[in-house]
Structures are given as C-alpha cells and as structure tokens.
Amino acid sequence: MEKQPRILVSQFMLKNRVFEVTLNRLFLTWKELNARKKRVSGSIHNTFKVGFCLAKVLHRTRGVTSGSHCVPVSEIIAVQETEVDNIQTKDEGKWQKMSQKTVETYPYAFTVFYVERARQHRWRCGNVTFFCSDGLLRQQWVQAIKEQLSLQTCRPKHLLVYINPYGGKQQGKQIYEQKVVQLFTLASISTDVIVTERANHARDHLKTEADLKKYDGIVCVGGDGMFSEVIHGLISRTQTDSGVDQNCAHEKLVQCNLRVGIIPAGSTDCICYATIGINDPVTSALHIIVGDSQALDVCSVHHNDTFLKYSVSLLGYGFYGDILADSEKKRWMGPARYDFSGIKTFLSHHYYEGTVSFQPATDILGNPRDKTKCRSGCYVCQHNGQLFSEEIRDESVEGGVSENEDEREWKVVKGKFLAINAASMSCACPRSPKGLSPAAHLADGTTDIILVRKCSRLNFLRHLLRHTSKDDQFDLTFIEVHRVRKFKFTPKYCESEDTDVKDVRKKLFSQICRDHPACSCTSVNSNWNCDGEILDHAAVEVGVHCQLIKLFARGIEEKAGV
Ligand SMILES: CCCCCCCCCCCCC/C=C/[C@@H](O)[C@H](COP(=O)(O)O)NC(=O)CCCCC
Ligand SMILES: Nc1ncnc2c1ncn2[C@@H]1O[C@H](COP(=O)(O)OP(=O)(O)O)[C@@H](O)[C@H]1O
Ligand SMILES: [Ca+2]
C-alpha cells in the first residue's frame, strides 16, 4: 500500500529556545515561537499540501518571531540522531554548552545537514540540531526525513572517482581526502577511488575496463585536462557500445547517461567555474550529493575524417594554442605557468594565416553579442536543445544529413589571425569571471567562434584586458564573433597527409623568417589548444553535439546568496 503523504509539525528546542518545526514533501522549516507558546510537543498531520512556500506563510502566523528558516528537502544532505551529552550549540556566533537542566529535560536530539549558500556561488554544509523530551518523536522525525531523502531518486549512491595527483598544485589527493570524503560519507555515498598513475589512465580505464553499470556517476578530481580525459573515455565507451564510428565527422553521437562531477584541483578549472560559478571542492561535492544535472555541448574535432579530440570549453588556435604549447614545458611552475607563458606569448605577438569556414546558427535563440547569460534552468538552452532534437528526428526520417543542413550557407573568412577561439561555453574562470564569450551557452548546441585579426600589440592588449572588466571585448574593429554549429579551419600552409605540425615547421622555415623578421619565430602554424590538450594537426573540422554529456551541476545560480 502507498505511504500516506503527510505534514509533520512538532515543537523542538534549539539554542535553548522553542521552535516549531514542519516537514512536508518539499520543505523543512523551523520558526521560533514566542514565550507564550513555549511548550514542547509533537503532532503528525495526515494532510499534504503541495507547492507553497512555508517560509512565507510562517512569517504571517501569530506567535512567530523573525527566527524562521526554510530548507528545501532537495537540499538536505543527511539526518542523524545526536548524542546530547556534552553537545555544544552555536548561538549568535558563540559556542554554548547545553545546561544540565536542558540536557535532562530534552535528552533526545537529531541533526539535519543541509546546503547553505555563501558568497560567490559557494555552498557549505550547514547543520541544525533539534532537541526534545520524547525518544519516539525523535525517531519519527529522523525516519520521516530519511524517507523524504530516499525519494530524491536523482541522487548518486555509488560513484567511480579518479584523482589526478599531479594536476594544478598537486593537491588533488589532499583536496579529496580533506574536503570531500567526509561529505560523501555523511550522504551515504560509496565510492571506488582510482588515483591515476599516468596520463590517460582514467580515459583508458573508462574506455575498456570499468564496469559502468555499477555506478551512478563518475567524479574526477583535477583540472580541465583531467575532465577531458574522463569524458573521452566515457564518450568513446558509449559510442563503441552503440556501434557508432567516431571517425565519421557527420555521425550523430549517442548521449552518455552517466553524469560526471568535477572536484576542482587543476590550473584553470574553467569547466567547473562556468557550470557552477566557483571552483570550490566543497561546493562541487555538494552539487554531486544533491544529484544536480546539467547537460553540456561537446565539440568533436576531426582531421581528414580521422577523429582527433572532443572539446567542451575552449578550442583555441594562435594565442591560446601558443600559451599552452609553451606552458607544457613549465608544468613544474604549477598554475603560474599560464601567466608566464601568457606574457611571453603576448610579447611574441605571432599571427597565423588561414581560412575559417562556418555555418552561422541562424535559426536559434540568442547571439554572442546579446546580454543574456546562461544561467541555471536556461531558457535558451532548453529551446535550442529542443530545436536540435527535432532536427535530428527529421534527419533520421530522411535517412541522412537533412536538406536544411546542406542548404545552410557557409561563410568564409580568410586572413591573418592572432587568435581563433571557439568557446562552447562562456569559459569563465578565476582569470576572467565573465569568460571568453560571456553570452555563450552550456547546452544550446552551438559554439561561439571569436576571430582576432592581426592588430597592434596595444589593441590586442585592449581586447585581453576587456575580459576582466565590464567592457565588451568584441566591440573592436579587429574582432569578429559568430555563433555556429560547425566550422572548419585550413591553415595557409597546408599540412599534407601524414605530416604533422613539426614537419610543416621545418619545411616552411624560410617563409617563417620572412613573415616575422623581428622575432625568433619558429612556427608557421600554431597549435590548437583543445581544453588544455595540444592537437596534432592545424587543419580541423569541428561539429557541436548538443547536450552530449551531463554534469553534476545546475548551471550558475542567478543569485549568489549572502
Ligand atoms: C592582461 C590580462 C589578460 C587576461 C585575459 C584572460 C582571459 C582568460 C581566458 C581563459 C580561458 C580559459 C579557457 C580554458 C582553458 C582550459 O581548458 C585550459 C586547460 O586547463 P587546465 O587543465 O586546468 O590546465 N587552460 C588554458 O588553456 C590556460 C589559458 C590561460 C590563459 C591565460
Ligand atoms: N598520474 C598522472 N601522471 C601524469 N599526468 C597525469 C596523471 N593523471 C592525469 N594526468 C594528466 O595530467 C594533465 C593535466 O591534468 P589536470 O588535472 O587538468 O591539471 P592542470 O589543470 O594543472 O593541467 C591531463 O592531461 C591528464 O591527462
Ligand atoms: Ca554551447
């Protein structure tokens, strides 16, 4: 028989004062009662009212003081019975021991752990302990809250965790052990943990070995490079299991069911920052625990019908490719390597010649110059995602690429570029909280191509500085930005079959010196920076796969909290 839904209303002691505590399917609330009503009792109501915010109602009720709290059940982390002896409670910032009399009168207690919002999108694990005189009442409450938690079916119970011990400041293991383990234990999440022993360990394990049916999600502790490894393993595994050939650039990829969580411990942490609003391990762990889900677009990158890589954040040629290539030699510097190589690359001021062709995404909501930012529950992502899946359905009826797609106009831009960036999300990070493309969307099926044409150092600096201020970094004559679903890049100095970038360098050395007489230039082509990994080819074909993967995140929340 189905359990009767109900509201639980009881009075409990909290910080030596009496509170009325209410639990329904949506909220746990507690409000301080005034002196007249101080009598601790309990009652269970068999009625159930859905969808109203108790916090608002409580403020209008007689006998309520300002001390009123409301926590959504979806943000309760755990409930535990608490030993009353020696317990200390925090009141107005001071720790207070319960008086002996109170302990004797109210010997039963339970503690509820829940998500508390702090500054700048940070989440913390808050807790509240309620005291009462009746052991049965406590038991009823603990059971009722546990029952409500068991109804939160989106929450993971068993996770596969990969830790990169060498990412960022090499703190991955410590961060996981000191900040995450106790939260997962509190939330009754069990884990299988693998500390990686080499680059691509996690990718290969996911691709071929891991028994994915055992898990409700994957967690990676590291930076964007580590996340990239994990999604490569997961996407490849999903395609192999479904018989999809990743080498075919036009093949529709199969969506991955397992969500991935990122505990930030890297150098840039852009994916974490742009999907949660902060790179903070505790905040990320809490988003995993409450079972958040955020779909993410993935770009596939091909060279001559051979699959190279996937990208979810930045695909950058020129400036960001050169920074990455230089910084790889300075890994020992930790995250500071990017600042060092950034300055060096800026001063070298290389430009690269080539042709960018793209199909502008014209039938969608939003454009890269609008002021709409992608936020939790984004309407643009929902709308465009829907549009995309309808188009895919049409294609399957026709049995191939839809006519619409073929008919779409290709635009061609030829020139000398300091940078060619494709941002599939804002790429917000601590260095640039608004990111490379502030209006880009996490899950709209598009990427924003930013073309920075050859310009003076001063103008390029103006463009870069605007990433850190309110000024529009695209409002400059040498910048173009386009929202696209597909694009191609062909370097002027073409790579022939089986030739990699290094060979091209050698072959064209004389050309290089003519083009850059004043510098110690060594390369005619740049490298693509693909989420922090260097690609082997300069000529690429890129397509966006709408909402291919899911993260344990919810997008950046509109209000940053207190
Ligand atoms: C004079 C002030 C200039 C400020 C300009 C700041 C613009 C910064 C935008 C950075 C976008 C970063 C996009 C994400 C890239 C990562 O995938 C990649 C690898 O990260 P990780 O694995 O954590 O190491 N990071 C980079 O490529 C570093 C870019 C550094 C830019 C200075
Ligand atoms: N055990 C390991 N030893 C060396 N490299 C590793 C190991 N595990 C993962 N990696 C690689 O380290 C690179 C950087 O990792 P990441 O966690 O993104 O740190 P960072 O943000 O500092 O670049 C990734 O490309 C990943 O493949
Ligand atoms: Ca996107």
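Tutor: Let's start with metal sites: donors are N, O and S atoms within 2.8 Å of the metal, or 3.2 Å for Na, K and Ca, and since water is not among the atoms, sites may look incomplete. Before we use that, note that this model is predicted: local features need pLDDT of at least 70, side-chain atom pairs count only at pLDDT 80 or more, and totals for chains, interfaces and linings use all residues. Residues are numbered from 1 along each chain as its sequence is written, chains are lettered from A and ligands numbered from 1 in the order in which they are written, and side-chain values use heavy atoms, without hydrogens or water.

Student: OK, which are the protein donors of the calcium ion (ligand 3)?

Tutor: D297 and D444 each give an OD atom, while S424, H441 and T446 each give an O, at 2.3 to 2.6 Å from the ion. Along the sequence, the donor residues read D-x126-S-x16-H-x2-D-x1-T. Take S424 and T446: this pair links distant parts of the chain, 22 residues apart, and both sit in the loop between β19 (411-423) and β20 (447-453). Those labels are DSSP runs numbered from the N terminus (helices H or I, at least four residues; strands E, at least two).

Student: Are S424 and T446 buried or exposed?

Tutor: Both are buried. Buried means under 20% relative accessible area, exposed over 50%, and partly exposed in between, using a 1.4 Å probe and protein chains only.

Student: How do I read a core, and which residues in the largest one touch the most other members?

Tutor: A nonpolar core is a set of buried Ala, Val, Leu, Ile, Met, Phe, Trp, Tyr and Cys residues joined through side-chain atoms within 4.5 Å. Of the 71 residues in the largest one, Y162, F227, L296, V312, M425 and I549 touch the most other members. Domain 2 (155-292) and domain 3 (303-387 + 408-513 + 520-544) both contribute residues, so this core lies between them; the bounds come from an automatic or database domain assignment. A second, separate core has 27 residues, among them I77, F184, A187 and I289.

Student: Where does A285 lie?

Tutor: In helix α8, residues 281-289. A285 is buried, at 0% relative accessible area, and so are nine of the nine residues of α8. A285 and L183 are 102 residues apart in sequence, yet their C-alpha atoms are 7.3 Å apart in space. With neighbours within four places left out, A285 contacts V180, L183, F184 and I263. After α8 comes G291, with a positive phi near 75°.

Student: How many residues surround ligand 2?

Tutor: There are 21, where near means a heavy atom within 4 Å. The closest are G168, T196, G223, E229 and S267. Oxygen atoms of ligand 2 lie 2.7 Å from a backbone N or O atom of G168, 2.9 Å from a side-chain N or O atom of R331 and 3.1 Å from a polar side-chain atom of R337.

Student: And which residues are closest to ligand 1?

Tutor: G225, T268, Y338, N529 and D531, out of 21 that surround ligand 1. A polar backbone atom of T268 lies 2.8 Å from an oxygen atom of ligand 1; a side-chain N or O atom of N529 is also 2.8 Å from a ligand oxygen. The backbone of S267 has an N or O atom 3.3 Å from an oxygen of ligand 1.

How values were computed: A polar contact is a pair of N or O atoms within 3.5 Å; within protein, one must be able to donate a hydrogen and the other to accept it, and residues adjacent in sequence count only if both atoms are side-chain atoms. Contact means heavy atoms within 4.5 Å.
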